[in-house]
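The following account leads through the architecture of one protein model, from a single residue to the packing of its elements. Please keep the coordinates open while reading.

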Amino acid sequence: MSETTARIEKIIDEAYDTKTFVFGWDAEIRPGQFAMVWVPGVDEIPMSVSGINDRTKSITVKAIGEATRKLHELKVGDAIRVRGPYGNGFDLSGGELLIIGGGVGTAAVMPAIVQTGADAIIAARSDRDVIMDDLAGRYSKNLRIATDDGSKGFHGNAVQLMKEMAREKHYDCVLACGPEVMLHFTYEACKELGLKCQLSMERLMKCGAGACGCCVMDGMRVCKDGPVFDETQIPLLTEFWKSKRDACGRSVSLR
Ligand SMILES: Cc1cc2nc3c(=O)[nH]c(=O)nc-3n(C[C@H](O)[C@H](O)[C@H](O)COP(=O)(O)OP(=O)(O)OC[C@H]3O[C@@H](n4cnc5c(N)ncnc54)[C@H](O)[C@@H]3O)c2cc1C
Ligand code: FES
């Protein structure tokens, strides 16, 4: 684990509500791991590492609340404080992979696409919500886009497209990050098709390092034992696609 205050070297506008920030950080990071990003005066929040180079790393931020909107105000040359990496990350040794990113979850799977060149799906509500497809297209052997409204690529959701691709080609394992409803149906489809899977989950996090207990699901700390869980662990997560905890520790239904 390392902690650094880095200068932002580059900012990429991915979509109307999403930006990638590239900054100097020489930490060793595996695809699927995340960092805790300090937003002065507001919060410290988990962000997947969306780009991994020797000297630089990046995070890709969707502005949805106070902390993420504050991050969007940062300019090239401003300082950003990060600690990490945290979490287990993806296991990329599982044979023929199909990698799925839904919405801003695409950020979490991008390093896995870059490092493996595996077939990939980027899914979003519409054309204007699709992110990082240029980068993924440079590395993936077969990149497909799915949009709910059909404004770009396949007309339908990620899981419908995944089933179509799995009919045409053999895959051993599906890696995915995205909204929990997408992860649920990805898991169900993998069971049906007899495929292994690794799904990256999101829960409220405070320490990110396994100490505070606020991200615990059925005895597993999402920040340390996850955020990536495989098909043997997912049936043990009884809160998966049912509920999550809010900042006060209350259980909130996901359906
Ligand atoms: C391991 C991990 C990795 C993550 N990686 C990323 C990443 O790479 N990029 C990224 O942008 N985020 C990522 N997140 C989510 C990010 O940490 C949260 O979105 C962030 O903490 C929100 O902080 P905030 O103060 O801006 O919003 P808050 O003030 O905490 O939330 C604002 C409101 O938005 C609602 N909300 C929460 N999630 C969503 C959503 N997805 N869409 C719409 N509304 C929502 C909340 O219910 C709340 O009402 C990750 C989370 C985890 C656990
Ligand atoms: S965030 Fe503290 S234990 Fe996971």
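In which strand does serine 243 lie? Serine 243 belongs to strand β16, residues 243-245, where strands (E, at least two residues) and helices (H or I, at least four) are DSSP runs numbered from the N terminus. The model is a predicted one, in which local features need pLDDT of at least 70 and side-chain atom pairs count only at pLDDT 80 or more, while totals for chains, interfaces and linings use all residues. Residues are numbered from 1 along each chain as its sequence is written, chains are lettered from A and ligands numbered from 1 in the order in which they are written, and side-chain values use heavy atoms, with hydrogens and water left out.

Serine 243 has a relative accessible area of 14% and is therefore buried (under 20%; exposed is over 50% and partly exposed in between, with a 1.4 Å probe and protein chains only). Apart from neighbours within four places in sequence, serine 243 is in contact with Arg203, Ser251, Val252, Ser253 and Leu254, contact being heavy atoms within 4.5 Å.

A closed barrel of six strands runs in the order β1-β2-β5-β4-β3-β6, with antiparallel pairing; two strands pair if DSSP finds at least two bridges between them. From one strand to the next the twist averages 45 degrees. Angles run from 0 to 180 degrees between N-to-C directions, and axes are lines fitted to C-alpha atoms, for helices over the stretch in contact. Between β4 and β5 the antiparallel pairing extends over three bridges, and isoleucine 52 stands opposite lysine 57 in β5. Helix α2 packs on the sheet, touching β4 and β5, and its direction makes about 20 degrees with that of β4.

Helix α2 covers residues 106-116, and eight of its 11 residues are buried. Among them are Thr106, Met110 and Ile113. The elements that cover these buried residues include β7 (97-102), β8 (119-124), α3 (133-139) and β11 (173-177), as well as β4 and β5. After α2 comes glycine 117, with a positive phi near 70 degrees.

Elsewhere, helices α4 (residues 158-168) and α5 (residues 180-193) pack at about 25 degrees, with axes 9 Å apart. The two helices are therefore roughly parallel to each other, as angles under 35 degrees count as roughly parallel, over 145 as roughly antiparallel, 65 to 115 as roughly perpendicular and the rest as oblique. Residues making this contact include Val159 and Met162 of α4 and Phe185 and Leu193 of α5.
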